[in-house]
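I opened the file to look up a sheet, some helix packing and a few single residues. My notes follow in the order of looking.

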Amino acid sequence: MTADAIRTGTSQSANGPRSYGYFIDGAWREPADVLERRAPGTGVVVSMVGAGGAADVDAAVLAARRAFDRGVWSQAPATERARILNRAADLIDANSTPLAALDAEEGGKPIRLSEGDIAGAASLTRYAAGLAVQMHGTTHTNNGADHTGLVLREPAGVAGLITPWNFPALILCQKLPFALAAGCTVVVKPSELTSSSTLEIARLYAEAGLPDGVLNVVTGDGRAGGALAEHHGVDVLSFTGSTATGRKILTASQGNLKKLSLELGGKAANIVFADADLEDAAEGVIFGAFFNNGECCVSQARLLVQDSIADAFVTELEARARRVRVGQPLDHATDVGAMIDPGHLESVLGHISQGRTQGAKVVAGGSRATGPALDEGLFVQPTILDGVGRDMSVFREEIFGPVLTVSRFCDAEEAIALANSVDYGLANSVWSKNVDTVLPMAKALKSGTVYVNTTIDAPPTLPFGGYKASGVGREMGQAGFEEFTELKSVSIRTGKRSGTFAFGGTHERTA
Ligand code: TXE
């Protein structure tokens, strides 16, 4: 299937922008208002999506609620849910080329990474299909001969999913197939900046045989997201985005006390000890910092390096940073693409300039990347700031761009103190060949993930989420699946009941 062939929606001209409606109850609905998306690599308008509001969200939630209550999905045999998820995974794979192009074009991310995202999206979907058939509760028969306890694991109900722009298809698939595997019905609100791949994946699910109303997509900005977070028809909400928006969602979701999973910002550290494999570590540090343009919640934006090797290691990083290719997102030679939008470009450049003012030394990059292929786009040079102290804003705040800060430590105790001194706690990496170093470090770091002698390496089996301001709840793994379920305890007594309650009988059974 070609990119043109998978475009769907209310209208589309041959060479003009893609145009999409909302996907509600198995049908495309024309939006009253639209949002234009300009490709950050070229400035050209490439897609138009509905600017959804509360009424659109309400229609989608009602469709999801009706589908849930009909039981077409929530009560379907687990093997049937798994079959459709596996079919959807096959279709995602079969459409990987056009899907990857959509995310690279709208998100500014390098196409090679985008292709990896789509492969990851299919793999997460297959993993979730396996969880569907293993969903079960427990039985308890050790509470007396006349008692049986059942703990039922049930779908949580209608799931709201709000996703960001940095990994549009991948983060969708860290949530969607898990919710579907559990038997939930779903309303997705993708980022207004990168909605196309989500809408195309919804279409692929319909092709895979997902019943109408089980998956609904409403596009739009924070107003649509806010309406979903507030909606009393949503039972569980899973969000990935900024900590500031996560806090708003926490407040908005209070009305019906919905279950929440919030995957928020990060300020991860790559911690390199003198006894590491320094070749591997240098490669990992460059990859961790500049992966996905640095627009990544687990971006390893801080390097903490042991004093004794620091100068030589930084010199090696400078040389490697110069070889990182900044270029058009759709070019397979590109390592670092375009920043997501003009405001974000200004924010990243502002952080670099603030770092300079506060005393950091620019050892690589430091400005906007320019050149004939880049001038219409939003590009930043891969940047390394050395001599960064723990009180500087570039050390503490999420920059979300291709900017690496370098700080030095003398021993493990100081490394732990530095790594843990920020508000975030999503992920950190430790590089050392000494198990007596890495294991205590892994235990002491306050983050949901610790990579050891590797970085940004997250198989679907491992739960993912944050400590501190990086969020609550987990995605992926068994724990991520369970976020979309509820437990129900069923307490069963058999035999004659008389004289066994507290009033007028013995207290033994309830004590
Ligand atoms: O995120 P938002 P933005 C960080 C990163 C970035 C900053 C801002 O530092 O620079 O956030 O990015 C929807 N109620 N991350 O503004 O606002 C919005 O429409 C409900 C980290 O894009 O968090 C989109 O679908 N929803 C991150 C989603 O929330 C609301 C990934 C994320 O947008 C809403 C992206 C509201 N009030 C940015 N307001 C990560 N953890 O990977 C907005 N939204």
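This is a predicted model: local features need pLDDT of at least 70, side-chain atom pairs count only at pLDDT 80 or more; totals for chains, interfaces and linings use all residues.

I looked up the strand order and found an open sheet of 3 strands, ordered 1-5-4, with mixed pairing. Strand 1 (18-19) and strand 4 (34-38) are at the edges with a single partner strand each, so one side of each has no neighbour in the sheet. I then followed strand 4 to strand 5 (residues 45-50): the two run antiparallel and are joined by 5 bridges. For Arg38 I noted Val45 in strand 5 as the bridge partner. For Leu35 I noted Val49 in strand 5. Strand 4 and strand 5 form a hairpin, with 6 residues between them. In its turn I found Gly43 with a positive phi of about 80°.

I checked the length of helix 2 (residues 78-94) against its residue count. At 1.5 Å a residue, its 17 residues should span 24 Å, and the end C-alpha atoms are 24 Å apart, which agrees. Next I asked which residues of helix 2 are buried. I listed Arg81, Ala82, Ile84, Leu85, Ala88, Ala89, Leu91 and Ile92. The buried residues of helix 2 pack against helix 3 (96-107), helix 4 (111-134), helix 5 (168-182) and helix 6 (196-208).

The crossing of helix 3 past helix 6 is left-handed. On the helix 3 side I recorded Leu99, Leu102, Asp103 and Glu106 in the contact. On the helix 6 side I recorded Ser196, Ser197, Glu200, Ile201 and Leu204.

I stayed in helix 6, where Leu199 is placed. Is Leu199 buried or exposed? At 0% relative accessibility it counts as buried. Leaving aside neighbours within four places in sequence, I found Leu199 in contact with Tyr20, Gly21, Trp28, Val49, Val217 and Thr219. Val49, one of these, is also the bridge partner of Leu35 from entry 1. Val217 is 18 residues from Leu199 along the chain, and their C-alpha atoms are separated by 6.9 Å.

The axes of helix 9 (residues 278-290) and helix 10 (residues 307-323) come within 10 Å and cross at roughly 55°. I therefore put helix 9 down as oblique to helix 10. Helix 9 passes helix 10 in a right-handed crossing. From helix 9 the contact includes Leu278, Ala281, Val285, Ile286 and Phe290. From helix 10 it includes Ile309, Phe313, Leu317 and Arg320.

I noted Asn292, which is not a glycine but has a positive phi of about 55°. Asn292 lies in the loop between helix 9 and strand 14 (302-306). Asn292 is buried, with a relative accessible area of 1%. I also noted Phe400, again not a glycine, with a positive phi of about 65°. Phe400 is in the loop between helix 12 (393-396) and strand 17 (403-409). Phe400 is buried too, with a relative accessible area of 15%.

Technical notes: Residues are numbered from 1 along each chain as its sequence is written. Side-chain values use heavy atoms; hydrogens and water are left out. Two strands pair if DSSP finds at least two bridges between them. Helices (H or I, at least four residues) and strands (E, at least two) are DSSP runs, numbered from the N terminus. The expected span of a helix is 1.5 Å times one less than its number of residues. Buried means under 20% relative accessible area, exposed over 50%, partly exposed in between (1.4 Å probe, protein chains only). Contact means heavy atoms within 4.5 Å. Axes are lines fitted to C-alpha atoms, for helices over the stretch in contact, and angles run from 0 to 180 degrees between N-to-C directions. Angles under 35 degrees count as roughly parallel, over 145 as roughly antiparallel, 65 to 115 as roughly perpendicular and the rest as oblique. A crossing is left-handed if the near helix is turned anticlockwise from the far one by less than a right angle, and right-handed if clockwise.
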